Amino acid sequence: MSVVTDSPVHSSGSDDFIDYLNEALDASSPNSSSDEEAENQDEFEDLRNKRRKLESTEETEGSTSEGIVEQKLVVAESSVVKVDGCTHPGTFGKLCISCGEILDGESGVTFGYIHKGLRLHEEEISRLRNTEMNTFLFSKKLFLVLDLDHTLLNTTILGQLSSEELHLLNETDSLEDVAKGSLFKLEHMHMMTKLRPFVRTFLKEASAMFEMYIYTMGDRPYALEMAKLLDPQGEYFNAKVISRDDGTQKHQKGLDVVLGRDSAVLILDDTEHAWMKHKNNLILMERYHFFASSCRQFGFNCKSLAETKSDENETDGALAKILEVLKQVHCTFFEKLQGDLVDRDVRQVLSSVRGEILSGCVIIFSRINHLALPTLKRIAEQLGATCLTELDPTVTHVVATDAGTEKARWAVKEKKCLVHPRWIEAANYFWEKQPEENFFIKKTTTQS
Amino acid sequence: MQLHPRYFGRNLRDNLVSKLMKDVEGTCSGRHGFVVAVTGIENIGKGLIRDGTGFVTFPVKYQCVVFRPFKGEILEAVVTMVNKMGFFAEAGPVQIFVSNHLIPDDMEFQSGDMPNYTTSDGSVKIQKDSEVRLKIIGTRVDATEIFCIGTIKDDFLGVINDPTTV
């Protein structure tokens, strides 16, 4: 094949050039002279070499149509690439996992928690998400992302134990038989961890309904240690422990590193602002403060659970209640929703379950701090209550902090429930309408 | 090779050799690959005292066995992790990833306790600790590690040894 004589420098259409190149490729033998690694039938290499030869002939001719030829080369290149095309679905150690080329680009998301050096690009991630969806929906499982600190456990640094908590140093459970214990001392990390009551039963029952991930703002070694404590057999969280080193944004958690579609993921976390983009998937947990350092971190001056030698109720605590909610959401998603499994959205189920908690309640707010009012109103409306601004016979609850206000006195007169704003917050945390008697406010002043 | 003055004395040469072996074995370089073992010392040149510190630098010529995978090479490796994206295998210090794009289409991923890739008739299974023969299609050498991409889609590649039957 003579490159010089066949050179289409003066040809009119780019199609001619493309045809020429295709022809040349078909006619060529795999062992081109410049290809040293003879075993490797790299068509791409051949093409590059041919192009180099072409370009050098262009230069010797020095024609003004060089620009046009280069354009044609570019067009030809893109069309020929499709023939041998690699979609570069991802990289491992900067090498494309499909063709082995070195890719320096920053596109895609790093999945370092699965294996070091692994990075997947958007198309591949969506493809994997879709196949995952089908597998899991088929086996009736949704996805659950769990936070660690203050949700499933509470950790403190050994040096920050208060004087009344020092007795705990002698009460830690053995690290040999992790499944039986709940208080662990990790010498090499200078930390002590207390698992939340009910957590093992919670994980066992949730694993039957959900594919679970851990997502924490701690670093990777910490996350892996905690995973070992929660899951000594490695049956729940194998290669599904996401730490802050794996997140794509600083101080924010995201579902982009989770291989499950947003419409099938539920999140359990105690911090709302870490999940700004996925608030609809979030179930907010009441914080678990076992250690004094944890209480102090959040500004509470009361004695911690460790200091008072007590603990959260096992069967009636936050985890048990949330497990019930998860069961309800799971059941509604798979049994009660109509339509194709892939089209169902767990976020809709979540908001409808949430909307039933205070449904039927008509609430009016009285002299609530104007900074807290919008949040409170939003929570109440999410819980299904209707919020009014004017007094009305349909009002069922008046929420106030002071029993002396006009609306408060009206409530007492009309025998409506007069409750503290914490009644709404409690309903939000416990996913259940709380008995109003626990939230009555005492009359403090007589002025309006 | 830089040596601290505390090693000077009768055993200077031995100290130098052992320090060399400790420093060089297990390292990786782009040009030569992974140094597996030092086999012999060819020559130790005259030492040069560094200005400022008391360290002495000796140029040492040595022979060693290196390991460097090449594109197109066929290697045997042990599977270390299997997941829906493919499987990871190790051939000594080299980490190889075989993506599911490069696994024959008749092998499907099965998740579970021991995730694996199995053919439709169940005759061939790739799981953790299986030995596979694979072809390297790309390599990249880092400061301390070598990353490779492999394939088992060609003829004569795939499982050599089923750990369950051994």
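Predicted model: local features only at pLDDT ≥ 70, side-chain atom pairs only at ≥ 80, totals over all residues.
Residues are numbered from 1 along each chain as its sequence is written, and chains are lettered from A in the order in which they are written. Local features need pLDDT of at least 70 and side-chain atom pairs count only at pLDDT 80 or more, while totals for chains, interfaces and linings use all residues, and side-chain values use heavy atoms, with hydrogens and water left out.

**Exercise 1. Describe the contact between chain B and chain A.**

Step 1. Begin with the residues in contact (heavy atoms within 4.5 Å): chain B gives 22 residues and chain A gives 25 residues.

Step 2. Turn next to buried area, the accessible area (1.4 Å probe) that two parts lose on being put together, summed over both. Chain B and chain A bury about 2,100 Å² between them, and 65% of this lies on carbon and sulfur atoms. On the side of chain B, the residues that lose the most area to chain A are Lys84(B), Met85(B) and Arg140(B), which together make up 27% of what that side buries.

**Exercise 2. Find which side chains form the salt bridge between chain B and chain A.**

Step 1. Apply the rule, which asks for a side-chain nitrogen of Lys or Arg within 4 Å of a carboxyl oxygen of Asp or Glu; the count between the two chains is one.

Step 2. Name the pair: Lys84(B) meets Glu132(A), at 3.6 Å from N to O.

**Exercise 3. Characterise the largest pocket by its volume and by its lining.**

Step 1. A pocket is an open set of points on a 1 Å grid over the protein atoms alone, where a 1.4 Å probe fits, with protein on both sides within 12 Å along at least five of seven lines; lining residues have an atom within 4 Å of a point. The space in the largest pocket is about 1,400 Å³.

Step 2. Of the 46 residues that line this pocket, the closest to its centre are Lys84(B), Phe109(B), Ser111(B), Gly112(B) and Pro115(B).

Step 3. Sorted by class, the lining has 20 nonpolar, 14 polar and twelve charged residues.

How values were computed: Points joined across faces, edges and corners; volume = space filled by probe spheres on them. Nonpolar A, V, L, I, M, F, W, Y, C, P; charged D, E, K, R; others polar.
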